[in-house]
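Trainee: Please take me through a single part of this model. I would like a close look at the residues around the ligand, and then a sheet with the helix across it.

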Amino acid sequence: MTDGHLTEDFIALENVEKVFEVHKRTGFLKRERREVRAVDSLSFTVPRGEMVGYIGPNGAGKSTTIKMLTGILTPSAGRLRVAGIDPSRERRRLAHRIGVVFGQRTTLWWDLPLIDSYRLAHRMYRIPDARYRENLDRLVELLELGTLLDVPVRQLSLGQRMRGDIAAALLHDPEVLYLDEPTIGLDVVSKAKVRGFLRELNTERSTTVLLTTHDLQDIEQLCSRVMVIDHGRLMYDGPLTGLHEAGESERTLVVDLERELPPVEAPSARVVRVEGPRQWLAFPAGQSAAPLVAYLAAEYPLVDLSVREPDIEAVIAKMYAEKAVS
Ligand SMILES: Nc1ncnc2c1ncn2[C@@H]1O[C@H](COP(=O)(O)OP(=O)(O)OP(=O)(O)O)[C@@H](O)[C@H]1O
């Protein structure tokens, strides 16, 4: 059975909608029925092997999309295919080809040693023994899990648990991985480990990755393409640089000076806040911080500095403001 052009791409959505019916109490015995359109005429395709960022403000419809892609939810309208499969009709068949990681929830068995969750996955997915051992060895090495396998999951740090969850999602060699906030709450070192691993997974095994995150650096470091969804609709689909341009987003350079000074002056940056010897300078997100840092270091008594990325909400808010003006 073919689905025309829908089978050409690994993930394909065509005018997908999801409407939830919610009941609100409006009086003692009165309830009002209301419809929430969580996903609205959503169409996009993702070719095999691409790593795509899927971002949007809270309540935009990201989780609903992922739930439809895994078959947990059935679309109210439209057509949706993953690897040529209709997820809600053939959820179990699809489960063998996809992996899912939810940053805020674990699929691991809380009270059992980490390895026990992997043994369960081995049986659940009916992974052939040799392949299971090979994949386990590789994932344990790449995700540095060797010393953690016998530790009960509840004793793992957040970063360790996340690496454990990612390994669990990949033991059966899925062709596509859905990641929902995989770096949330992680420290800088753990974030770097997770990102490094994902990059490798995508380049070496051509795993297709759909990444939901509030951390723009996840996108910047991993995805060549980003899709922005809001109110269930696709607002932007393209490279991250284009998103910055569309929203004219800015990064912030925080500088600590030796002493209190009037607002510093630097090309293509403006001071947006001063607090004692600390000053905040906004500069275009698409521009490298290096020349600005070099200029300030030459002209001012610098003690310390750091760069802050714009958050996704701010970028999207600016994008709307631009659209409203144009
Ligand atoms: N089971 C449900 N019943 C009713 N409404 C729902 C249900 N699931 C989601 N919604 C609503 O659908 C909309 C989209 O929710 P969704 O969880 O997909 O957003 P999200 O982009 O994942 O948000 P977040 O970043 O906060 O996780 C929201 O208005 C939400 O309240």
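Mentor: Start with one definition: a residue is near a molecule or strand if its C-beta atom, placed from the backbone, lies within 6 Å of it. This is a predicted model: local features need pLDDT of at least 70, side-chain atom pairs count only at pLDDT 80 or more, and totals for chains, interfaces and linings use all residues. Residues are numbered from 1 along each chain as its sequence is written.

Now the ligand. Its surroundings include Phe-20, Val-22, Val-36 and Ala-38. Gly-56, Asn-58, Gly-59, Ala-60, Gly-61, Lys-62, Ser-63 and Thr-64 also surround the ligand. Two or more shell residues come from each of strand E1 (11–25), strand E2 (31–46) and helix H1 (62–70). Helices (H or I, at least four residues) and strands (E, at least two) are DSSP runs, numbered from the N terminus. H1 gives the most, with 3 residues.

Next, the sheet. It is open, has 4 strands in the order E11-E12-E10-E13, and pairs antiparallel. Two strands pair if DSSP finds at least two bridges between them. Strand E11 (270–275) and strand E13 (302–308) are at the edges with a single partner strand each, so one side of each has no neighbour in the sheet. Neighbouring strands are turned by 20° against each other on average, direction ignored. Axes are lines fitted to C-alpha atoms, for helices over the stretch in contact, and angles run from 0 to 180 degrees between N-to-C directions.

E11 pairs with strand E12 (residues 278–284) over 5 bridges, in the antiparallel sense. Val-274 has Gln-279 in E12 as its bridge partner.
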